[in-house]
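Biologist: Please put the model up, and then let us go through it by question and answer.

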Amino acid sequence: MRMSRAIPLFLAAVLAPLARAQEPRKAAPKKPADAKVWMALRGPLLWEEAFAGGVWSKDWNLYKGKFVVEKEQLKVAEQASDGHMATMTRNFKESNVIIQFSFKFEGAKWLGIQLDDAVNDAKKEHVAQLTVQPDSFRIEKMTGFGPTTKNTVVDQRKLKFEPGAWHTMVWEIQGDEMVAAVDDKEIAMAKVDGMTLVRSRLQLVTSGELALFDGIKVWKAEADPRWAKRKAALQEAVKK
């Protein structure tokens, strides 16, 4: 009897580790899918900024404002003493791009991204701007630089962004057309006559205090042969 009781105990001790070893491992959490694109196809990923490790890439240049990384998110505030909106810049080489980023309002008047023609430092030119306000977003053609800067709204949408809520924006720039979409739903789009076709610098910009950015990605934009048909459908939907 002593022997019969010992065998089950022995088997239990041997088999328990084997059973644990055979248990399926928990899958690593999946990264959220990239937002939908409408006008262009995603080409190679040119760069991305996740603010990992509490810092931003050395490729950025801080111009004005207060930029702080906390919990791998970029907090941005304008400083009155600067006399200029909060601005941080980064150069790139592709003029046709798809830009994706997440954002959140926590008191800022507006936030956005500017694109510049900055190949020649002696003759810089603002090209376009995506502006997000707490109650709307818009795409703008820009010209000039410094005191000669001029913004012209080419399309806009009313949309309320509640403080503290994250949203994802995709801005597509292909030739002289631009499309901006929020959370795969609301869309602004326009063909912009006379827009400079060279885009070589991106600027994160914020007015007021406080805005948050996260998950910035930039891809090369490649032509989508389906765009003409899709564009017509979107334009028809806007009329309704």
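Modeller: Contact, or touching, means heavy atoms within 4.5 Å. This is a predicted model, in which local features need pLDDT of at least 70 and side-chain atom pairs count only at pLDDT 80 or more, while totals for chains, interfaces and linings use all residues. Residues are numbered from 1 along each chain as its sequence is written, and side-chain values use heavy atoms, with hydrogens and water left out.

Biologist: Leaving aside its neighbours within four places in sequence, which residues is Lys-231 in contact with?

Modeller: Lys-231 sits in helix α2, residues 227–239. Helices (DSSP runs of H or I, at least four residues) and strands (runs of E, at least two) are numbered from the N terminus. Trp-38 is 193 residues away from Lys-231 in sequence and 8.4 Å away in space, C-alpha to C-alpha. Once neighbours within four places are set aside, the contacts of Lys-231 are Glu-177 and Met-189.

Biologist: Among contacts between residues at least 6 apart in sequence, what percentage joins residues at least 24 apart?

Modeller: The protein chain has two helices and 14 strands. For its contacts between residues at least 6 apart in sequence, the share that joins residues at least 24 apart is 65%.

Biologist: What percentage of the residues of the protein chain counts as buried?

Modeller: The accessible surface of the chain is about 13800 Å², with 54% of it from carbon and sulfur atoms. Areas come from the Shrake-Rupley method with a 1.4 Å probe, and for residues only the protein chains shown count as cover. Buried means under 20% relative accessible area, exposed over 50%, and partly exposed in between (1.4 Å probe, protein chains only). Of the 240 residues, the buried part is 42%.

Biologist: Is Val-205 buried or exposed?

Modeller: Val-205 belongs to strand β14. Beyond four places in sequence, its contacts include Met-85, Trp-110, Leu-111 and Phe-213. Because its relative accessibility is 0%, Val-205 counts as buried.

Biologist: What is the volume of the second largest pocket?

Modeller: On a 1 Å grid over the protein atoms alone, a pocket is an open set of points where a 1.4 Å probe fits, with protein on both sides within 12 Å along at least five of seven lines; lining residues have an atom within 4 Å of a point. Grid points are joined across faces, edges and corners, and a volume is the space filled by probe spheres set on the points. For the second largest pocket the volume is about 230 Å³.

Biologist: How many residues of the lining of the second largest pocket are polar?

Modeller: The lining has 13 residues, with Tyr-63, His-84, Phe-145, Arg-201 and Gln-203 nearest the pocket centre. β2 (61–64), β5 (86–91) and β14 each supply at least two. Ala, Val, Leu, Ile, Met, Phe, Trp, Tyr, Cys and Pro count as nonpolar, Asp, Glu, Lys and Arg as charged, and the others, Gly among them, as polar. By class the lining has three nonpolar and two charged residues, and the polar count is eight.

Biologist: Which class, buried, partly exposed or exposed, applies to Asp-183?

Modeller: Asp-183 lies in the loop between β12 (177–182) and β13 (186–191). Its phi is positive, near 55 degrees, in a residue other than glycine. Because its relative accessibility is 29%, Asp-183 counts as partly exposed.
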